[in-house]
Every structure is written in structure tokens, then in C-alpha cells.
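Hi there,

Here is the structure I promised to send over. Have a look at it first, and then read on for my notes.

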Amino acid sequence: MRPIQKITCNLKKYRLEKGLTQEELAQLVGVRRETIIRLEAGKYNPSLKLAIDISRVVEVPIEEIFIYD
Amino acid sequence: MEVVIVMKIRIQKPIKYLWLLGFLGFQGFKYFKTGEPLALFWFSYFSFFAYYFIGKMADEMQDERYFENSQRAKLKTAKIPLITLFTIGFFSGFSFVTKELIILICALGWAGTLISYAYLFWYYD
């Protein structure tokens with residue numbers, strides 16, 4: 001049986017390091033605050049464009065923000 | 001830091017009150033008074049109740065998650081019209097299936113599809 005694969009999101013850690021609120025990050029990447037909330041909770045997988053935009057804003061590589069197990 | 005200009009797409013406020021047209025659906029009960037089969041089409045106006053959920057999201061920004069949730073809801077509710085059409089087609093040959101029953105199934109299938117889509121969309125979002 002194939003094991004269930006999961007994406008772990010470390011966005012909250014890097015967002016706080018940058019000193020950004022969820023609302024500010026959402027506005028900077030062009031999404032709603034609810035989307036950022038769900039991203040951080042691991043309940044939503046972003047598109048490639050959104051992942052790149054987030055990576056550029058928090059200045060952390062994508063593979064460190066979103067870890068694919 | 002790159003500044004992204006966010007355009008908030010705003011749907012006009014009247015859409016929040018369109019769900020009230022759903023009450024026109026109760027006109028369908030006129031069939032029991034007049035016996036006119038076409039009166040049963042009024043039940044399709046129940047589909048306007050879907051705007052209750054759509055109106056709740058009227059002021060939301062349409063980001064990628066918004067569109068993804070819309071697609072998910074459409075995918076799930078697409079089964080309803082398929083089942084409705086199949087039911088009508090399959091049973092239309094039987095004598096106990098009257099034109100009133102077919103009209104009723106069409107109208108309620110239509111309303112059920114739109115209300116289910118709107119509810120699921122709102123639930124996912």
C-alpha cells in the first residue's frame with residue numbers, strides 16, 4: 001500500500017521572522033488572509049506561482065517553506 | 001520588497017438580496033389549485049436561494065483558492081443534473097410517469113443543483 005504523502009508548511013515561522021502579519025503577507029502575495037491561514041494550517045496546497053511569490057516575500061527558498069514528505 | 005497591487009473584485013451589492021426571489025418558488029403550489037402543469041416550473045425559482053450563500057461571498061477577493069473551491073463544488077454537484085436527466089429519460093417510457101412529474105423533476109433538479117453548488121462552494125471557502 002502506497003504511504004500517504006504530506007506537505008509540511010513552515011510558513012508561519014518565516015512569516016513571523018519577517019515581522020509580517022497574515023493580512024500583510026496576504027496583501028503582498030495577492031490572496032486573502034483566509035488563504036494564508038489555511039496554508040499555515042496545512043489545509044491548502046498553493047499553486048506554483050503563489051509558492052514562488054511567498055518565497056520571494058519571506059526571502060526563504062520554497063523547499064524550506066513547503067516540505068514534501 | 002516588491003509591492004503587489006491587489007485588485008479587489010467587488011460584486012454589486014444587489015446580488016446579496018437576490019436570494020429573496022427564491023420565495024417565488026412557492027408559486028409552484030398554484031398547480032394544486034389550477035391544475036396547470038406549467039405552474040410547476042415556478043419551483044425552479046427555488047434556485048435563487050443559492051444566492052444566499054453566493055451573497056455571503058460577494059465581497060471576497062477572487063484569489064486562486066476561491067476559483068479552486070468553485071471548481072471543486074462544480075465537480076461534486078455535476079452529478080445532480082446527470083442523475084436527474086437519466087431518471088427522466090429512463091422512466092419517461094413508463095405510463096405512470098406523467099408530464100407533471102417530469103416538469104417537477106426538472107424544476108427541482110435545477111434548483112437542487114444550484115443550491116448544492118452554492119452551499120458547497122461556501123462550505124469549502
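Below is what I found, chain by chain. Please keep in mind that this is a predicted model.

Let me start with chain B. Five helices and zero strands make up its secondary structure, so the pattern along the sequence reads α-α-α-α-α. Chain B has 125 residues, and 33% of them count as buried. If you take the contacts in chain B between residues at least 6 apart in sequence, 77% of these join residues at least 24 apart.

The helix pair I looked at in chain B is α4 (residues 79-91) and α5 (residues 99-124). Their axes lie 9 Å apart, and the packing angle is about 170 degrees. Because the cut-off for roughly antiparallel is over 145 degrees, α4(B) is roughly antiparallel to α5(B). On the α4(B) side the contact is made by Ile80(B), Pro81(B), Thr84(B) and Ile88(B). The α5(B) side contributes Ile102(B), Ile105(B), Cys106(B), Gly109(B), Gly112(B), Thr113(B) and Ser116(B). By class, the residues of this contact are six nonpolar and five polar, with no charged ones.

Asn69(B) sits in helix α3 (residues 64-77). Is Asn69(B) buried or exposed? Its relative accessibility is 3%, so Asn69(B) counts as buried, the cut-off being under 20%. Leaving aside residues up to four places away in sequence, Asn69(B) touches Phe121(B), Tyr124(B) and Asp125(B).

The other residue is Glu36(B), which belongs to the loop between α1 (31-34) and α2 (50-56) of chain B. With a relative accessible area of 43%, Glu36(B) is partly exposed, as that value falls between the 20% and 50% limits. From Glu36(B) to Leu120(B) there are 84 residues in sequence, and in space the C-alpha atoms are 34 Å apart.

Now for chain A, where I followed helix α1 (residues 11-18) and two of its partners. The axes of α1(A) and helix α3 (residues 33-40) come within 9 Å and cross at roughly 125 degrees. That angle makes α1(A) oblique to α3(A). Leu11(A), Lys12(A) and Arg15(A) of α1(A) meet Ile36(A), Leu39(A) and Glu40(A) of α3(A). The residues of this contact divide into three nonpolar and three charged, with no polar ones.

Best wishes

Conventions. Residues numbered from 1 in each chain as written. Chains lettered and ligands numbered in written order. Predicted model: local features only at pLDDT ≥ 70, side-chain atom pairs only at ≥ 80, totals over all residues. Heavy atoms only, no water. Helix = DSSP H or I, 4+ residues; strand = E, 2+ residues; numbered from the N terminus. Buried < 20%, exposed > 50% of the residue type's maximum accessible area, 1.4 Å probe, protein only. Contact = heavy atoms within 4.5 Å. Axes fitted to C-alpha atoms, helices over the stretch in contact; angles between N-to-C directions. Parallel < 35°, antiparallel > 145°, perpendicular 65-115°, else oblique. Nonpolar A, V, L, I, M, F, W, Y, C, P; charged D, E, K, R; others polar.
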